[in-house]
Amino acid sequence: MFDKFINNFKKGDIDFNCESCGNCCREKGFVEVSDSEIKDIAKYLAVIRTHFIKKHINEVRDKLCFNEHPEEPCKFLKDNSCNIYPVRPKQCRTFPYWRSIARNDDRIKEMLRYCEGIKIEWLKKEEI
Ligand code: SF4
Ligand code: SF4
């Protein structure tokens, strides 16, 4: 059953619903952000783009990222909600359908540990 779930996930063949647990925003790692996303976020927060960049953006391996500590929750997670939700970066909008997850069985299993939406989907399938 677990292999079937993994294969279905790889094919994008799951009915995933986000349960808004915020756990993906607390996982280790960087949040990449593009120039146009920075522009949209700064506009949404009503701050000057250059000030936003200075305060919140770092370059990590040639990518622009929020300058959080990778061991800490995302700096935009407030009271378990994303405070830039309508303009959150693509990386956040596309989770958990990342190629880096889909091609790695261990990462799929790891995601089952923290993503409540995926966990519910897995449990639903397990009951069949
Ligand atoms: S930007 Fe929002 S959705 Fe993305 S990791 Fe941060 S809090 Fe979560
Ligand atoms: S971990 Fe999964 S269910 Fe929780 S907020 Fe992130 S995508 Fe939604």
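**Close-up views of a predicted model**

View 1. Look across from glutamate 59 and you'll find leucine 64 of β2 standing opposite. Two residues sit between the strands of this hairpin, and arginine 61 takes a positive phi near 45°.

**View 2. Helix α2 meets helix α3.** Here α2 (residues 35-44) and α3 (residues 49-56) cross at roughly 105°, with their axes coming within 9 Å. That angle is why α2 counts as roughly perpendicular to α3. On the α2 side, the contact is made by Ile38, Lys39, Ile41 and Ala42; on the α3 side, by Arg49, Phe52 and Ile53. Sorted by class, that's five nonpolar residues, two charged ones and no polar ones.

**View 3. The shell of ligand 2.** This one has 13 residues around it, and the closest are Cys18, Cys21, Cys24, Cys115 and Gly117. By class, the shell holds seven nonpolar, four polar and two charged residues.

**View 4. Zooming out to the two domains.** Domain 1 is built from two stretches of the chain, 1-16 and 96-128, while domain 2 covers 27-94. Their C-alpha centres are 26 Å apart.

Definitions and conventions:
Residues are numbered from 1 along each chain as its sequence is written. Chains are lettered from A and ligands numbered from 1 in the order in which they are written. This is a predicted model: local features need pLDDT of at least 70, side-chain atom pairs count only at pLDDT 80 or more; totals for chains, interfaces and linings use all residues. Domain bounds come from an automatic or database domain assignment. Two strands pair if DSSP finds at least two bridges between them. Helices (H or I, at least four residues) and strands (E, at least two) are DSSP runs, numbered from the N terminus. A residue is near a molecule or strand if its C-beta atom, placed from the backbone, lies within 6 Å of it. Ala, Val, Leu, Ile, Met, Phe, Trp, Tyr, Cys and Pro count as nonpolar, Asp, Glu, Lys and Arg as charged, and the others, Gly among them, as polar. Axes are lines fitted to C-alpha atoms, for helices over the stretch in contact, and angles run from 0 to 180 degrees between N-to-C directions. Angles under 35 degrees count as roughly parallel, over 145 as roughly antiparallel, 65 to 115 as roughly perpendicular and the rest as oblique. Two residues are in contact if their C-beta atoms, placed from the backbone, lie within 7 Å.
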